[in-house]
Amino acid sequence: MGDKVKRMDKRKVLNLTLKKIIFLAFLVLAIFDIIIFCNIYFTKNETYAVETGSINADLANVQDINIDEIIKKNSKEDKTEEFRQEIVELEYLTEYIFNNELPQGETYVVQEGVKGTQKIVYKNIYENGKFVKEEKVFAIVEKPAFNKIIQIGKNKERKSYNAKVGDLVAVTSDELSVYIANDENSKKLAKLKKDDKVKVLKIDNYWYYISVNNITGWVKKEATRYIDEIKKEQNESNYEEKENVNKNINFNINLNKPSGLTLNQFKKVLRDKRDVNNIFKENAEYFYYIEKQYNINGIFVASIGIHESAWGTSKIALNKKNLFGYGAYDSNPYNGAYSFSNYSESIDLLSRVLVKYYLNPKGTKIYGGEVAQGTYYSSPTLEGVNRKYATDKNWANAVFNYMKYLYGKI
């Protein structure tokens, strides 16, 4: 009996629990249906309205920006810089040493100059794709140059004499190369030492064809001196100073030939009251020496210096011993100009540059066994030099006026 009552109580509990579960399930389904209905019919328009409003606002802002104006403005401000570098030859300087034993005006090379190299970096500026200007940024010496040293005679009692075929000459430099041809780039046959004596067999401008110790070859004339004293005395009278220089120069004068003035004449014409610092007066002899060394008109070189430095009064001339503004750029002339330890260095260097690049066609044999590059050669006249040397078109006329003035003082 008791067991039967217990089984009935358990059935009641199970029936009650099952009803609760079924009720809860129907309740959950009903809530889920309500949620879906609301999402479909009440929230659809509100959601899309917000998104559409946002898109319209962005489009309105875009329409306020003028794309063409932006492109046009950026094009106007298009400025670019381009760097380039080049390796260039670094010319040696020339140092002059006075020797009271040598005849006045004679010059002998006691140390040959050695050229170096330098790297120069330039900056090219472009605006809107068009070249505007080029600026020199800096220069680095990669191989240093060594000075050429020349002895200058100061003895007025002794007369100068040029050696002839058959004469003996002595080596004046510490070393002197003997070449197979009268060309510095030809094969070297031997090296001579200072004071070695050689016999002159042939003369060709800046070269002697010599014989020594069963060797024959070419040596640079400038690195030798005449030593046959007997023949020298016999010919001294043939080398007195001449005063017959042609004063009637013209605008088309060939500048790759010496003026023919004597040392005393150079000193005379370059003595002037406008030379307030006595720069040209005290350096007159160097314009004479460059004629002998480089076959150039010294009055022409002096006239360039007078014109460029305003008779030696310019800042570059006074502070940098640079009479010609050599190395100066139009954009920054003072900082670009070379500095020299004395005026003779600037006179000598400019003369070599003119002879090598401006006054002679490419391939012409020039000083010291070198060959002219002719990079800026047009003609050996004032007009020809002006085309590449100076941006001022009136430069040639200005220099010619000084040349006429100086020639007129002879």
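Two strands are taken to pair if DSSP finds at least two bridges between them; strands (E, at least two residues) and helices (H or I, at least four) are DSSP runs, numbered from the N terminus. The structure is a predicted model, in which local features need pLDDT of at least 70 and side-chain atom pairs count only at pLDDT 80 or more, while totals for chains, interfaces and linings use all residues. Residues are numbered from 1 along each chain as its sequence is written, and side-chain values use heavy atoms, with hydrogens and water left out.

The protein chain contains 13 strands and 13 helices. Of its 410 residues, 38% are buried (under 20% relative accessible area with a 1.4 Å probe, protein chains only; exposed is over 50%, and partly exposed lies in between). Contacts are heavy atoms within 4.5 Å; among those between residues at least 6 apart in sequence, 65% join residues at least 24 apart.

Strand β6 spans residues 148-155, and six of its eight residues are buried. Strand β2 (residues 94-103) runs parallel to β6 and is joined to it by seven bridges; here Glu-95 has Ile-149 of β6 as its bridge partner. Strand β3 (residues 107-111) is antiparallel to β6, with four bridges between them.

The loop between β5 (130-143) and β6 includes Ala-145. This residue is partly exposed, at a relative accessible area of 24%. Not counting residues up to four places away in sequence, Ala-145 touches Leu-90, Glu-91, Tyr-92, Val-114, Lys-115 and Gly-116. Glu-91 is 54 residues from Ala-145 along the chain, and their C-alpha atoms are separated by 6.7 Å.
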